[in-house]
Amino acid sequence: MCQLLGMNCNVPTDIVFSFTGFATRGGRTDVHHDGWGIAFFEGAGVRHFVDHEAAIASPVAELIKRWPIKSKNVIAHIRKATQGKIALENCHPFVRELWGRYWVFAHNGDLKNFAPELNGAFRPVGCTDSEMAFCYLLQEMRRRFGGTPPSLPDLTAALRELTAEIASHGAFNMMLSDGTALFAHCSTNLHYIVRKYPFAMAKLADEDMTVDFSQVTTPNDRVAVIVTAPLTDNETWTQFAQGEMKVFVEGEPVSL
């Protein structure tokens, strides 16, 4: 299956450290070599990079490792194809507009007998179950709330129902964001960590790289990193429960 990486922060932060370890799993330390992608929210805009080449061999991935793009919400994905050919249009994350803002989505899993009727503006371009699920989520969000964005609690409640419905068809580990909050649903494996003051040293599990976060942060910074499998081997990560959806705002999970 694929792997997911997300970051939600209270101040714009770069993801170079986490992405460096994550991208190594795209063909070197793991078998996720069927494409990759990453999306950074910046204000109302999104920087979106995808490549059907393995992350470990992609010049675009090397650019992301070396270019410290700062964002408060980031979603990344490395692909091991289960449905859909290896092609650019099938690379996550996917991006669509709803309520006058961009939404970014990535999925890890395999949905069986999932063929919802898509009768609105949201249609897949590629041929993955993942993009179909994203289009269905947006369609149902628009159907429930019309042209007016709901409150975060109302949206969260709707997404809990919709993710449970989709997950009844198979593994549905997913990340979704509109740039203000990051929603993460777990069917099988997701972990997260919140880094905040006092910051400490972190060492990647997949790459020989260490960062002392106390040297590159302020006492007010707070960063949540969500990933399929822990990226570091000297920090304590919290595992999601199966069927759980968490909402991250300003660098930490919130109760809604």
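# Pocket, core and sheet: a working chat

User: Which residues lie nearest the centre of the largest pocket?

Analyst: T13, D14, F213, V216 and T217, out of 20 lining residues. On a 1 Å grid over the protein atoms alone, a pocket is an open set of points where a 1.4 Å probe fits, with protein on both sides within 12 Å along at least five of seven lines; lining residues have an atom within 4 Å of a point.

User: Where do these coordinates come from?

Analyst: This is a predicted model: local features need pLDDT of at least 70, side-chain atom pairs count only at pLDDT 80 or more, and totals for chains, interfaces and linings use all residues. Numbering starts from 1 along each chain as its sequence is written, and side-chain values use heavy atoms, with hydrogens and water left out.

User: OK. How much space lies in the largest pocket?

Analyst: About 360 Å³. That volume is the space filled by probe spheres set on the grid points, which are joined across faces, edges and corners.

User: Which elements give two or more residues to its lining?

Analyst: β1, α1 and β12. Of the elements, β1 gives the most, with five residues. Element names follow DSSP runs numbered from the N terminus: helices are H or I with at least four residues, strands E with at least two.

User: How do the lining residues divide into nonpolar, polar and charged?

Analyst: 13 nonpolar, three polar and four charged. Here Ala, Val, Leu, Ile, Met, Phe, Trp, Tyr, Cys and Pro count as nonpolar; Asp, Glu, Lys and Arg are charged; the others, Gly among them, are polar.

User: Switching to packing. Which residues touch the most other members of the largest nonpolar core?

Analyst: F19, W36 and I38, in a core of 30 residues. Elements giving two or more residues to this core are β1 (3–14), α1 (16–24), β2 (36–42), α2 (59–66), β4 (70–78) and β12 (222–227). The largest share, four residues, comes from α1. A nonpolar core is a set of buried Ala, Val, Leu, Ile, Met, Phe, Trp, Tyr and Cys residues joined through side-chain atoms within 4.5 Å.

User: What does F19 touch?

Analyst: L5, W36, I38, A61, I64 and K65, not counting residues up to four places away in sequence. Contact means heavy atoms within 4.5 Å. Apart from this core lies another one, of 27 residues, L98, W103, L176 and V247 among them.

User: How many residues of α1 are buried?

Analyst: Nine of its nine. Buried means under 20% relative accessible area, exposed over 50%, and partly exposed in between (1.4 Å probe, protein chains only). In β2, six of its seven residues are buried.

User: Now the sheet. What is the strand order?

Analyst: β3-β2-β4-β1-β12-β9-β13. It is an open sheet of seven strands with antiparallel pairing. β3 (45–51) and β13 (238–239) are the edge strands, each pairing on one side only. Two strands pair if DSSP finds at least two bridges between them.

User: How many bridges join β1 to β12?

Analyst: Five, and the two strands run antiparallel. C9 stands opposite V223 in β12. On to β9 (residues 191–196): it pairs with β12 over six bridges, and I193 faces V225 there. β9 and β13 share two bridges, with Y192 opposite T238.

User: And the β2 end?

Analyst: β2 and β3 pair over seven bridges. They form a hairpin with two residues between them, and G43 in the turn has a positive phi of about 60 degrees. F41 stands opposite V46 in β3. Five bridges join β2 to β4, where W36 has I78 as its bridge partner.

User: Last one. Where does Q139 lie?

Analyst: In helix α3 (residues 129–145). Q139 is buried, at 8% relative accessible area. Beyond four places in sequence, Q139 is in contact with E117, L118, N119, G120 and F122.
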